[in-house]
Amino acid sequence: MLKCAACSKSDKVLTCTACKSIYYCGPEHQKSDWSKHKIICPKVKDAKVKGVIKQIVAQGDNTNYPKKGDIVTVHYTGKFVDGKVFDSSKEPFKFTIGAREVIRGWDEGVPLLSLGEKATLFLSSDYAYGSGGVQGAIPPNAPLIFDVELLKIN
């Protein structure tokens, strides 16, 4: 069943006019969601729209933020723009901020989260796996969406 990208209602009324792959229950939600959708929309060619957009799902402590060199522990689910899940952490996942152990969107996006925060990170393709993709898993130039929870900062 198709759901509105902004509120998760299941009555589809509108789609993104560029990619036709994201749905909205009305024009108000389509307009409010545009700022984050345009960064991942595969059909939008606006070169100024690159990088990471964070949408807060649940507030963290708003005090403790990871910085370069910190080891962080997260739970995550990676999705394509159509909502199909391509990866998910079964166990907590650790990496070092800024050490290029992960994709650029994580190195720059996870430091935007405070301890305990749950957020959705919308990544343009150049902040994900870029023109190379991941053979058999992620197509070239694919924008990606990650639901991330920051569990720990060491």
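I began with the aromatic side chains, and found that Tyr76, Phe80, Phe86, Phe93, Phe95, Trp106 and Phe146 form one aromatic cluster. I paired rings of Phe, Tyr and Trp (its six-membered ring) if their centres lie within 6.5 Å, calling planes under 30 degrees apart stacked, over 60 edge-to-face and the rest tilted; by this rule I count nine aromatic pairs.

The model is a predicted one, in which local features need pLDDT of at least 70 and side-chain atom pairs pLDDT 80 or more, while totals for chains, interfaces and linings use all residues. I number residues from 1 along each chain as its sequence is written, and side-chain values use heavy atoms, with hydrogens and water left out.

Trp106 lies in helix H2 (residues 104-109) and Phe146 in strand E8, so the pair ties together parts 40 residues apart in sequence; I take helices (H or I, at least four residues) and strands (E, at least two) as DSSP runs, numbered from the N terminus. Trp106 is buried at 4% relative accessible area, and Phe146 is buried at 3%, where buried means under 20%, exposed over 50% and partly exposed in between (1.4 Å probe, protein chains only).

The largest pocket is lined by 23 residues, with Ala5, Ile22, Val81, Gly83 and Ile145 nearest its centre.

Note on methods:
1 Å grid on protein atoms, 1.4 Å probe; cavity = no way out; pocket = protein on both sides within 12 Å on 5 of 7 lines; lining within 4 Å.
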